[in-house]
Amino acid sequence: MDALLTGLSMALTPENLLYAVVGVLLGTAVGVLPGIGPAMTVALLLPVTYNVSPSAALIMFAGIYYGGMYGGSTTSILLNTPGESSSVITALEGNKMAKRGRAAQALATAAIGSFVAGTIGTILLVAVAPTVAEWVVVLGAPSYFALMLLALVAVTSVLGSSKLRGFSSLALGLAIGLVGTSTGQARLTFDNPLLADGIDIVVVAVAIFAVGEALWVAAHLRRRPLEIIPVGRPWMDRKDWRRSWAPWLRGTAYGFPFGALPAGGAELPTFLSYITERRLAGEHRAEFGKGAIEGVAGPEAANNASAAGTLVPLLAIGLPTTATAAVILAAMQSYGLQPGPQLFEAEPELVWTLLASLFVANTLLLVINLPLAPLWARLLRIPRPYLYAGILFFAVLGAYSVNFQRFDVLLLCLFGALGFAMRRFGLPVLPLIVGVILGPRLEEQLTQALQLSQGDVSALWSEPVAVIVYVVIAVLLLGPLVLRLIPGKQGPERLEDEVEELEEEVRS
Amino acid sequence: MTVVVGWTPDARGQAALLRAVHEAQVHDEPLLVVNASSGTAPVDDRFAGAAELAAIRALLDSHGVDAEVRQPVVRDVTDALLDITEEVDASMLVIGIRHRSAVGKLLMGSTAQRILLDARCPVLAVKA
């Protein structure tokens with residue numbers, strides 16, 4: 001508690017507060033704009049880590065992460081186009097509410113629900129993360145290796161439409177992570193001295209998220225403009241409050257644990273929250289599909305709580321489970337910070353300032369989102385060419401500023417083309433970026449484990465935690481296959497199919 | 001021969017549309033309403049939505065004009081309008097104009113000026 005209060009006093013210093021404000025403003029803006037997300041924004045801002053203090057940069061990034069969740073819901077509700085993947089479910093009921101003239105209430109329950117869930121989620125994060133860190137710190141290299149493997153398998157196979165595509169993307173990421181001579185041998189360097197130090201993560205992240213997305217948008221530049229629903233200042237009456245508070249809390253209960261699991265992300269908990277709210281709606285059951293406020297309140301709370309949840313494995317174990325968390329991890333590494341259990345002991349001031357600033361960011365978000373929602377919606381009128389020209393400019397600047405080498409800009413173009421091709425062929429980018437970041441650390445743990453055991457491979461399953469994790473991995477990989485083999489029982493549907501079914505159901 | 005009108009769901013477009021309806025009735029010609037967008041922004045206020053379309057449909061029907069509404073998404077709105085006037089061999093093109101500041105014209109160019117100079121048919125410019 002003392003540590004948190006010290007952190008709060010640090011977070012409220014003018015400099016850190018300024019970065020928090022910049023972060024939440026940027027985060028909301030990119031959340032509102034479809035196609036531009038917090039992961040791209042943090043990737044574009046990675047070069048600022050060269051001259052900004054670690055705590056300020058992390059505060060800004062956390063603000064962007066939280067802000068993206070808020071902004072995405074505005075677009076979902078007013079435009080029926082989710083700004084972020086986590087807001088897909090919100091669009092189901094949110095846009096229906098808006099069409100019935102209840103846009104103000106939908107925005108209000110989304111913003112206040114996000115605040116409630118974000119605050120509870122952050123409290124849970126503060127309570128859980130240090131304990132997890134204490135627990136993890138005693139683990140040896142074999143367990144770490146297993147945990148990282150679990151994170152890789154989970155982000156690859158749980159989310160996304162196709163396991164094959166997921167693992168292809170992961171393989172690409174691990175290959176990019178192999179480049180360099182850090183192990184003493186030259187791997188994939190093509191005898192090019194510029195590749196000897198490996199490929200900088202900034203270049204890869206910026207290329208995949210910013211350049212790839214910009215090329216993709218340029219290829220689909222002209223789309224029929226969408227109709228936006230005009231809205232005033234968000235507000236709710238007593239009845240809306242009564243119908244919203246329970247979904248907020250239930251959404252939080254779904255979001256946080258799912259975010260904290262290595263198979264994080266907001267898609268699954270928002271979906272589950274929606275289903276639950278529909279089942280529990282009682283007298284309002286008939287309103288679902290026509291704009292039920294519960295269907296906005298629950299999923300919105302779930303996606304914010306899951307954002308807080310993903311910070312648990314990120315800070316306590318050093319495992320990123322979402323694209324944004326992966327890029328934040330890259331930022332921490334560029335400061336030479338070792339995310340994971342040691343972080344709480346080595347850098348208590350930094351960690352607690354960051355945690356305290358999450359409360360600050362959450363409050364700021366409520367303040368700027370509730371009255372300013374109509375203003376944020378105006379961002380949707382910016383022609384894409386201006387927006388993406390700016391993004392490409394910053395992308396090239398960022399890649400060049402890494403080493404001041406033209407070679408990095410060349411790599412940027414190369415990986416940008418890869419990012420475009422991945423979008424074209426439906427390969428998810430999350431496994432790639434997690435692979436690039438975790439790959440080298442995975443290898444490090446493996447080397448360490450094998451050195452201690454003098455090359456005895458059985459050391460890898462010599463720790464109980466490692467064994468449990470391997471069992472979980474096996475269940476994750478084989479579970480769906482086994483279920484499909486049981487006659488008369490369909491394997492669990494993919495999340496995307498479920499969401500599509502749900503959308504069709506709601507539309508009809 | 002057809003009367004073509006460049007229409008946007010605002011005061012300017014409304015003035016142009018009303019005048020175009022009048023011209024179509026006087027000359028007993030069909031009316032073609034063009035509402036184009038470059039489609040580069042997710043939301044374009046000058047691209048009519050369902051409600052606005054329904055409103056002008058009602059207006060056109062109440063005047064008993066034989067009217068068609070087109071909403072093309074094109075690279076250049078001005079070029080599209082000029083192309084359509086040639087395609088339907090328009091007898092007249094009606095547009096709405098407004099005052100623009102010198103800076104605004106410098107930055108964005110003047111759509112009206114380009115239409116006046118490049119159109120192959122007579123252009124009727126209506127002030128909102």
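**Notes on the two-chain model**

1. Chain B has an open sheet of 5 strands in the order S3-S2-S1-S4-S5, with parallel pairing. Strands here are DSSP runs (E, at least two residues), helices likewise (H or I, at least four), numbered from the N terminus; two strands pair if DSSP finds at least two bridges between them. The edges are S3 (67-70) and S5 (123-127) of chain B, each pairing on one side only.

2. Housekeeping: this is a predicted model, where local features need pLDDT of at least 70, side-chain atom pairs count only at pLDDT 80 or more, and totals for chains, interfaces and linings use all residues. Residues are numbered from 1 along each chain as its sequence is written, while chains are lettered from A and ligands numbered from 1 in the order in which they are written.

3. Look at S1 (residues 2-6) and S4 (residues 90-97) of chain B: they run parallel, joined by 4 bridges. Thr2(B) has Ala90(B) as its bridge partner in S4(B).

4. Helix H1 (residues 11-27) of chain B packs on the sheet, touching S1, S2 (31-34), S4 and S5 of chain B, and its direction makes about 155° with that of S4(B). Axes are lines fitted to C-alpha atoms, for helices over the stretch in contact, with angles from 0 to 180 degrees between N-to-C directions.

5. Now the chain contact: chain A puts in 16 residues and chain B 12. Contact means C-beta atoms, placed from the backbone, within 7 Å.

6. Val206(A) is in contact with Ala43(A), Leu44(A), Val211(A), Ala395(A), Gly398(A), Ala399(A) and Leu412(A), leaving aside neighbours within four places in sequence.

Note on methods: Two residues are in contact if their C-beta atoms, placed from the backbone, lie within 7 Å.
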